[in-house]
Amino acid sequence: MTSDYGFLSLLPPVIAIVLAIATRQVYVSLLFGIWLGWMIIDDFNPIQGSFDTVEALVNVFQEPGNTRTIMFCALVGALIIFIQRSGGVEGFIRHVNRLLQHYEQKRSGSNRIIVQLLAWLTGLLIFVESSISVLTVGALYRPVFDKLGISREKLAYVADSSSAPSSIIIPFNGWGAFIMSLLVAEGFTDPFATMIRAVGYNFYPFLALILVLIIVISGKDFGPMRAAERRAREEGKLLNDGAQPMISDELTDVETVPGVRPKAYNMVLPILVMVLMMPVMLSVTGWAGAIERMPEATFFKKVTYAIGQGSGSTSVLIAVIVSTLFAMILYRFQGIMKWKEMIDLTLKGISGMMPLALLMMFAFAIGTVCKELGTGQYVADVAKAWLSPNFVPFIVFLVSCFIAFSTGTSWGTFAIMISIAVPMAKGMGADVYMTIAAALGGGVFGDHCSPISDTTILSSMASATDHIDHVRTQLPYALTAGGIAALFYLIIGLAG
């Protein structure tokens, strides 16, 4: 059923995105989009629309998952400031520099390539959760990228392009759990096997990962990224003139405690704890479901099932809290910092993340108003009217791209498109697995490009770059990979 709001349902997200790119005022653009959405719902009554906008921002915190995610983002600030103050970042840089010197002796000029490849590999290996992936890559490699004169935009691109793609290709995480729950709702008795069969047709994540390798190894940047890299290399400017980094300078300009010997493990251990706590907490939060659903299964099977059923937002929040507490104990044991200084740094770190927390709140609020308007459903319904069986995956991919770009959520797109695409593919005789893959790949693509996507926002934050500069420089690369993926679906459809 087509939404009652019809074409009007597209206006809030589309106008918010256009305004954000044109004016570089992300906060104002998102707020205007939210207000416009409630204006449409309230029959263009400006007073009621304004009241409902304020209420919608408050209601963001009624959803526990939203609150946990915003708290997670704020607390990451404390962890970032700790690992810098402890000398962990400086120690890690020294280790990386020794590695770079080793490669430099073998092949001159290879340092920039090696560091970017290491950042890409790190993002790929932390497939447990896309948020932790981008935050880890940003924290670990930003100082090294800065030292080598690689633009912050490039770091954001590498972090962003190795997070969500790896999370969906290697689905032993919250992503896989969510997708499997959608497949169960569509009548698949073995959702895991179905999801794995669809992975081979999920062209966009593979292409996005491969494109990073090609760009890094060849050094052939294009579009706005080329200008950004030239600026960083020739002028020494890591950021664009007038850029507004997503992290406060207080978080990126923290010096090591005087007299403390920099040690890499003071950074690596807390981050490792955060990464390892994620699957542990996923299994803990999903354990009750595993006991209920498969009481006779082996312990390993129960753990695997529990990870798939666990709460992602709870897991990331507990992971960062445990990691921060671990860091405090580790640094106090070494005599690096006293408790009072660590508490002060915690508050300082949280305050440095307030712009991001505000932005996340706006992103959640515009997602809610899009849901109220039925934006995704309207786009899907319009496309369904002119689908042909051979081109079902191609059209599903394009529609998923547009929905995810407009709403800023890949998971929301999955929920909308799987429920439409699977019955459509079955009814029209199209390849069901390829159609599922197209819906998933399109969701990742749109989420990758959208200025209002939480993953895109986190990538900008983790890399301490201007958010719109990140979107502008990454968009041509994402469009390249997305265009090739769409071409694959089209060619397969024509061949069929």
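How are H8 and H24 oriented to each other? They are oblique to each other, a class for angles that are not under 35 degrees (roughly parallel), over 145 (roughly antiparallel) or 65 to 115 (roughly perpendicular). This is a predicted model, in which local features need pLDDT of at least 70 and side-chain atom pairs count only at pLDDT 80 or more, while totals for chains, interfaces and linings use all residues. Residues are numbered from 1 along each chain as its sequence is written, and side-chain values use heavy atoms, with hydrogens and water left out.

**Helix pairs**

- Helix H8 (residues 152-161) packs against helix H24 (residues 454-463) at an angle of about 135°, and their axes are 9 Å apart.
- The crossing of H8 and H24 is right-handed.
- Helix H22 (residues 410-428) and helix H23 (residues 432-449) pack at about 155°, with axes 9 Å apart.
- H22 and H23 are therefore roughly antiparallel to each other, and their crossing is right-handed.
- Angles run from 0 to 180 degrees between N-to-C directions.
- Helices are DSSP runs (H or I, at least four residues), numbered from the N terminus.

- Asp-43 lies in the loop between helix H2 (26-41) and H3, and Phe-44 is found in the loop between H2 and H3.
- Phi of Asp-43 is near 55°, a positive value in a residue other than glycine.
- Phi of Phe-44 is near 60°, also positive in a residue other than glycine.
- Asp-43 counts as exposed at 66% relative accessibility, whereas Phe-44 is partly exposed with a relative accessible area of 45%.
- Exposed means over 50% relative accessible area, buried under 20% and partly exposed in between (1.4 Å probe, protein chains only).

**Helix H3**

- At the start of H3, a side-chain oxygen of Asn-45 comes to within 3.1 Å of the backbone nitrogen of Ile-47.
- The 14 residues of H3 (residues 46-59) should span 20 Å at 1.5 Å a residue, and the end C-alpha atoms, 19 Å apart, agree with this.
- The buried residues in H3 are Gly-49, Asp-52, Thr-53, Ala-56 and Leu-57.
- Seen down the axis of H3, these buried residues fall within an arc of 140°, so they line one face of the helix.
- The face of H3 turned away from the buried side carries the exposed residues Ile-47 and Phe-51.

**Gln-377**

- Gln-377 is found in helix H20 (residues 375-384) and counts as partly exposed at 31% relative accessibility.
- The C-alpha atoms of Gln-377 and Ile-416 are separated by 6.7 Å, although the two residues are 39 residues apart along the chain.

Terms used. Helices (H or I, at least four residues) and strands (E, at least two) are DSSP runs, numbered from the N terminus. The expected span of a helix is 1.5 Å times one less than its number of residues. The arc is that of the directions from the helix axis to the C-beta atoms. A polar contact is a pair of N or O atoms within 3.5 Å; within protein, one must be able to donate a hydrogen and the other to accept it, and residues adjacent in sequence count only if both atoms are side-chain atoms. A crossing is left-handed if the near helix is turned anticlockwise from the far one by less than a right angle, and right-handed if clockwise.
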